[in-house]
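Thanks for coming, everyone. Please have a look at the model on the screen, and then we will start from the inside.

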Amino acid sequence: MSEQSASGATAPVTRVLRVGLGVLAACVIANLANAQSFDELAARLTDHPSVQALRSESGARQALSTAARALPDPTVSFSANNVPLNDPAFDHVMMTNKAIGVRQDIPNFGVRHARAAAERSEARASGLRADYQLSLLRAELIKALAEKRQYREQIADAQEKLKLYDALSDSLHGEIAAGRAVYFRLSEVDVERADVDRSLAEMRANLARTDAVLVNLVGEAPDTPPPAINLEVWDGNALTLYATRIADAGIDRARAGVAEGKAAFGPNFGVQFTYHQRQAGDPAVGATFPGDDWFSAGVTFSVPLWAPKNEAPKLRAAKAREASASAAYQTSYRDIREKLVTLTAAHVASVRNINILQAKTAALDETIAALRRNYEAGRGDYAQVLDAEIGRLTLLADLSLERARAITLAAQANSELVTP
């Protein structure tokens with residue numbers, strides 16, 4: 001086979017391999033893009049250890065609520081009764097017998113019911129804490145993504161500033177060579193460049209810190225942009241807030257304690273049954289009693305004789321805890337209301353700052369265009385254009401900061417609201 005024919009034979013195979021590799025690469029890129037979406041990252045938060053710990057605690061409390069209603073295990077006993085010491089036997093004395101007994105304690109139903117209600121309240125509170133923690137982690141994720149975008153934009157602006165300062169320094173040296181006294185401005189440029197270098201190092205450190213936060217939250221430091229988010233309007237209902245719902249579950253827990261304290265004045269019951277197996281008497285020793293079997297049965301109940309020293313103080317303590325839980329609910333409501341008002345006001349201010357900075361940037365763009373036209377027409381110098389462009393980069397850095405701040409404030413405020 002000639003070299004040309006061999007090359008012609010392998011060409012289709014090469015094309016197929018190239019197409020296959022291209023499709024594989026496209027699939028990998030698509031999968032990576034999907035893996036970096038915000039929804040996928042937020043879904044990972046459900047596996048965060050802090051959330052899982054609270055979920056497990058809720059499940060444990062729910063299981064304990066079932067156990068609290070259950071009866072204790074019955075007691076089974078085996079015994080030999082009234083066996084004579086001098087001649088041990090079961091057919092010499094009429095009272096000698098073998099016995100098997102069963103005893104079932106029946107604790108106070110009201111106490112068991114109240115304890116089960118208390119555990120259910122704890123389960124509800126732990127479930128709400130898990131939901132609240134997940135909501136807070138989501139806000140933290142949004143904040144980290146917003147700050148990462150902010151620091152990347154500010155780093156890019158700072159690097160561009162350094163380039164403009166280099167160009168400005170060259171322009172000023174040219175003016176000095178032309179006889180203009182601009183030494184003072186040259187010194188200012190050196191100072192401003194040093195400030196930019198310092199800020200750049202600080203922003204890189206902040207970027208590394210943000211990456212560490214992302215790794216803690218979702219296991220990696222993605223470049224996913226933060227989602228578009230709006231500030232949710234609170235309707236003023238206390239029970240639409242996670243913190244007050246958790247506090248409300250605490251009130252339910254305290255009320256269950258009061259119910260338990262009241263029920264504790266009632267009796268605990270018990271039932272028991274014993275079967276006595278007897279042997280007939282041995283005529284050889286003069287024992288002629290029949291071997292009839294016996295049984296015994298009985299009911300027990302407790303008497304709250306020491307209630308003034310036992311049950312009464314416990315009831316007073318339970319009522320005090322209920323009052324404390326009610327006060328904690330009010331405190332929680334006031335604190336979270338103050339927090340929401342503060343976050344909302346800060347968010348409104350941040351949005352206004354964004355609008356102002358955007359307007360200032362647009363105005364400065366027009367100024368830069370006018371300065372550049374004057375310079376190209378022979379009026380003015382290039383240093384003025386560079387100074388204006390440096391100022392524009394400063395505005396853009398401030399704008400990045402305000403955008404990240406507005407997103408963070410909205411996410412933090414929304415995280416306090418119970419999502420349907």
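The largest cavity has a volume of about 40 Å³. This is a predicted model, where local features need pLDDT of at least 70 and side-chain atom pairs count only at pLDDT 80 or more, while totals for chains, interfaces and linings use all residues. Residues are numbered from 1 along each chain as its sequence is written, and side-chain values use heavy atoms, with hydrogens and water left out.

Some terms first. We work on a 1 Å grid over the protein atoms alone. A cavity is a set of points where a 1.4 Å probe fits but cannot get out. A pocket is an open set with protein on both sides within 12 Å along at least five of seven lines. Lining residues have an atom within 4 Å of a point. Grid points are joined across faces, edges and corners, and a volume is the space filled by probe spheres set on the points.

How many cavities of 30 Å³ or more does the structure hold? One. Its lining is A146, R149, Q150, E153, S400, R403 and A404. Helices here are DSSP runs of H or I, at least four residues, and strands are runs of E, at least two, numbered from the N terminus. By class, the cavity lining divides into two nonpolar, two polar and three charged residues. Nonpolar covers Ala, Val, Leu, Ile, Met, Phe, Trp, Tyr, Cys and Pro; charged covers Asp, Glu, Lys and Arg; the others, Gly among them, are polar.

Now step back to the whole chain. The protein has eight helices and four strands. Along the sequence they follow the pattern α-α-α-β-β-α-α-α-β-β-α-α. Of its 420 residues, 34% count as buried. Buried means under 20% relative accessible area, exposed means over 50%, and partly exposed is in between, with a 1.4 Å probe and protein chains only. Contact means heavy atoms within 4.5 Å. Among contacts with a separation of 6 or more, 81% join residues 24 or more positions apart.

The largest pocket has a volume of about 560 Å³. Its lining has 28 residues, and R115, E260, G261, A264 and K314 lie nearest its centre. Which elements give two or more residues to that lining? They are α4, α6 (242-263) and α7 (311-376). Helix α6 gives the most, with seven residues. The classes are eleven nonpolar, eight polar and nine charged.

Stay with R115 for a moment. R115 sits in helix α4, residues 109-177. Is R115 buried, exposed or partly exposed? It counts as partly exposed, because its relative accessibility is 44%. Leaving aside neighbours within four places in sequence, R115 is in contact with A68 and E260. E260 is 145 residues away along the chain, yet the two C-alpha atoms are separated by 6.7 Å.

Helix α7 also lines this pocket. Its 66 residues should span 98 Å at 1.5 Å a residue, and its end C-alpha atoms are 95 Å apart, which agrees. The expected span is 1.5 Å times one less than the number of residues. Just after α7, G378 takes a positive phi of about 90 degrees.

The second largest pocket holds about 440 Å³ of space. It is lined by 26 residues, with S135, R138, N414, L417 and T419 nearest its centre. The elements giving two or more residues are α4 and α8 (382-414). Helix α4 gives the most, six residues. This lining divides into 15 nonpolar, seven polar and four charged.

N414 belongs to helix α8. N414 counts as buried, because its relative accessibility is 14%. Not counting residues up to four places away in sequence, N414 touches S135, I229, N230, L231 and E232.

A123 counts as buried, because its relative accessibility is 4%. Beyond its neighbours within four places, A123 is in contact with S58, R61 and Q62.
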